[in-house]
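User: Please take me through how to read several features of this model, with the general idea before each case.

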Amino acid sequence: MTGSDLPPRSRVVAQALAEAGVRGEVVLLPDSARTAAEAATALGCQVGQIANSLLFWCDGQALLVLTSGRHRVDTAALARRLGRSSIERATPEQVRESTGMAIGGVAPLGHPSPVETVVDETLAEFTVVWAAGGTPHTVFPTTFDELVRVTGGAVHAVTA
């Protein structure tokens, strides 16, 4: 699939990936990849290989957490690790304003402006991880190290 065949938001992500030197390309899936389980089924991989992009609100600003699809973020534990007062789920409006994307398709890059990012250390267990490509139907393959590099993310445990 060429970049021009992708939805507009995914073309923005594909351009950001190319500019960052990422070799993996954005793939359009026939079925939704809105959840980690849906993405893993569509890709034929383990749910843990899915890098969920979850946007939170932390001390008045967006915080993107890229977590393995096999578990949930413990916001209280992560707030303690980051030395923050609290971390709360962002509203759909905050997600769109901060990333330019809708919930279920938020890519780890390609946002209107940089977003502070945390990368779940357990994603390092996988040779290939899959992240959203800007829509609930698009994804791209990458590696843990590449994900950390292109997002400038801080690596942390995101569970208790």
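Analyst: Glutamate 125 counts as exposed, at 51% relative accessibility, where exposed means over 50% relative accessible area, buried means under 20%, and partly exposed lies in between, with a 1.4 Å probe and protein chains only. This is a predicted model, in which local features need pLDDT of at least 70 and side-chain atom pairs count only at pLDDT 80 or more, while totals for chains, interfaces and linings use all residues. Residues are numbered from 1 along each chain as its sequence is written, and side-chain values use heavy atoms, with hydrogens and water left out.

User: Which side chain meets that of glutamate 125 in a salt bridge?

Analyst: Side chains of opposite charge can pair when their charged atoms come close. The criterion used here is a side-chain nitrogen of Lys or Arg within 4 Å of a carboxyl oxygen of Asp or Glu. Glutamate 125 meets arginine 70 in this way, at 2.8 Å from N to O. The two lie 55 residues apart and link distant parts of the chain, with glutamate 125 in the loop between E5 and E6 and arginine 70 in the loop between E3 and helix H3 (75–82); these helices (H or I, at least four residues) and strands (E, at least two) are DSSP runs numbered from the N terminus. Arginine 70 is partly exposed, with a relative accessible area of 40%.

User: How many salt bridges does the structure hold, and which side chain does arginine 84 meet in one?

Analyst: There are 3 salt bridges in the structure. Arginine 84 meets glutamate 116 at 2.7 Å, N to O. This pair also links distant parts of the chain, since arginine 84 sits in the loop between H3 and strand E4 (87–89) and glutamate 116 in strand E5, 32 residues apart. Both are partly exposed, arginine 84 with a relative accessible area of 22% and glutamate 116 at 28%.

User: Where do arginine 149 and glutamate 146 lie, and how many residues apart are they?

Analyst: An α-helix has 3.6 residues a turn, so residues three or four places apart point the same way. Arginine 149 and glutamate 146 are 3 residues apart in helix H5 (residues 144–151), and are therefore separated by about one helical turn. Their side chains form a salt bridge at 3.9 Å, N to O. Arginine 149 is partly exposed at 47% relative accessibility, whereas glutamate 146 is buried, with a relative accessible area of 16%.

User: Is H5 mostly covered or mostly open?

Analyst: H5 is mostly covered, with 6 of its 8 residues buried, namely Phe144, Glu146, Leu147, Val148, Val150 and Thr151. The elements that cover these buried residues include E2, E3, E5, E6, E7 and E8, contact being heavy atoms within 4.5 Å. Just after H5, glycine 152 takes a positive phi of about 65°.

User: How should I read strand E5, and which strands does E5 join?

Analyst: Two strands pair if DSSP finds at least two bridges between them. E5 pairs with strand E3 (residues 61–68) in the parallel sense over 4 bridges, and leucine 63 stands opposite glutamate 116 of E5. E5 also runs parallel to strand E8 (residues 154–156), joined by 3 bridges, and valine 118 has alanine 154 of E8 as its bridge partner. Of the 5 residues of E5 (residues 116–120), 4 are buried, so this strand is largely enclosed by the rest of the structure.

User: Which residues does leucine 82 touch beyond its sequence neighbours?

Analyst: Leaving out residues up to four places away in sequence, leucine 82 touches Leu63, Ile87, Val118 and His156. Leucine 82 is found in helix H3 and counts as buried at 18% relative accessibility. Leucine 82 and histidine 156 are 74 residues apart in sequence, yet 8.8 Å apart in space from C-alpha to C-alpha.

User: What about aspartate 59, where phi is positive?

Analyst: Phi of aspartate 59 is near 50°, a positive value in a residue other than glycine. Aspartate 59 is found in the loop between E2 and E3, and is partly exposed, with a relative accessible area of 44%.
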